[in-house]
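Here's a quick tour for anyone meeting this structure for the first time. Have a look at the sequence and the model, then read on.

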Amino acid sequence: MEASLSAAGVIALLGLGLVLGLKHATEVDHVVAVSTIVSEHRSVWRSALVGGLWGAGHTAALLVVGVGLLVFRLPMPPAVASGLEFAVALMIIGLGVLTVVRVLRKRADVHIHRHTHDGQSHVHIHFHEQGTEPGSAAHHAPAPHSHAVSRIGLKPVLVGAMHGLAGSAGLTLLVLTQIKSVGLGLVYLGVFGLGSTLGMLLMSGLIGLPFVFSGKRFSNINYWLQTAAGCLSITFGLWYAFQVSGG
């Protein structure tokens with residue numbers, strides 16, 4: 001596809017990039033990773049903002065890689081592409097672990113007992129009904145905290161950038177083989193990034209709904225939803241790592 005594309009051809013190409021970007025946001029590894037971050041928040045707009053920030057990091061990574069590959073016409077080495085995919089799998093596992101740990105720390109009815117019997121020291125995690133644990137639930141209540149926008153920023157941007165780097169191999173290969181103009185290629189990547197950002201804005205907002213509703217009225221359900229999101233992330237990350245490693 002030459003740089004001398006007709007105006008209609010350019011519009012069709014960019015439209016395709018937008019549609020593919022929207023679809024790209026719904027890929028399982030993206031949704032699983034973002035769900036662990038969204039589970040922290042109890043506001044729909046903040047959940048959607050997580051998706052927007054993910055999209056910003058994702059698009060920035062695509063453009064940075066795209067500049068190099070489009071200018072020098074070099075495909076990404078397969079070993080590097082596989083390494084980035086494996087790094088994404090590890091990141092997803094890490095996000096899941098952090099989510100589960102965060103839930104256990106926040107729960108007012110969970111605490112750790114360390115005791116010794118028969119010459120052996122043991123540590124146990126205990127779940128109590130509200131008001132029955134030593135010192136009462138109020139004693140173990142989580143400290144007041146803020147979900148200010150400033151606390152949302154860095155994690156989804158970094159997660160999005162990691163996904164952008166890992167996904168840039170196939171995407172830039174497509175652009176390299178079809179688009180000869182560096183400028184048009186970068187515009188395509190930008191439009192693709194815009195589509196993925198809009199798609200993730202919608203997805204993260206929808207994912208956030210059950211966490212928002214349960215967080216305001218049903219704290220126990222909210223805790224279990226967060227735990228489920230974390231466990232799903234860990235399970236999927238392990239499976240993804242196995243697949244990427246050629247297992």
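**A nonpolar patch and a salt-bridge network**

Leu18, Leu22, Leu194, Leu198 and Leu201 make up a nonpolar patch on the surface, and together they have about 370 Å² of accessible area. Bear in mind that this is a predicted model, where local features need pLDDT of at least 70, side-chain atom pairs count only at pLDDT 80 or more, and totals for chains, interfaces and linings use all residues. Residues are numbered from 1 along each chain as its sequence is written, and side-chain values use heavy atoms, with hydrogens and water left out.

**The patch**

- Patch residues have over 30% relative accessible area and no salt bridge, with nonpolar side chains (Val, Leu, Ile, Met, Phe, Trp, Tyr) joined within 5 Å and like charges within 9 Å.
- Areas come from the Shrake-Rupley method with a 1.4 Å probe, and for residues only the protein chains shown count as cover.
- Helix 7 (182-217) and helix 1 (7-24) each bring at least two residues to the patch, and helix 7 gives the largest share, 3 residues.
- Helices here are DSSP runs (H or I, at least four residues), numbered from the N terminus.

**The salt bridges**

- There are 2 salt bridges, each a side-chain nitrogen of Lys or Arg within 4 Å of a carboxyl oxygen of Asp or Glu.
- Arg102 pairs up with Glu40, their closest N and O atoms being 3.5 Å apart.
- That pair links helix 4 (residues 78-106) to the loop between helix 2 (28-38) and helix 3 (44-72), 62 residues apart.
- Glu40 also meets Lys155 in a salt bridge (2.8 Å, N to O).
- Lys155 sits in helix 6 (residues 154-178), so this pair ties together parts 115 residues apart in sequence.
- Through shared partners, Glu40, Arg102 and Lys155 join into one network.
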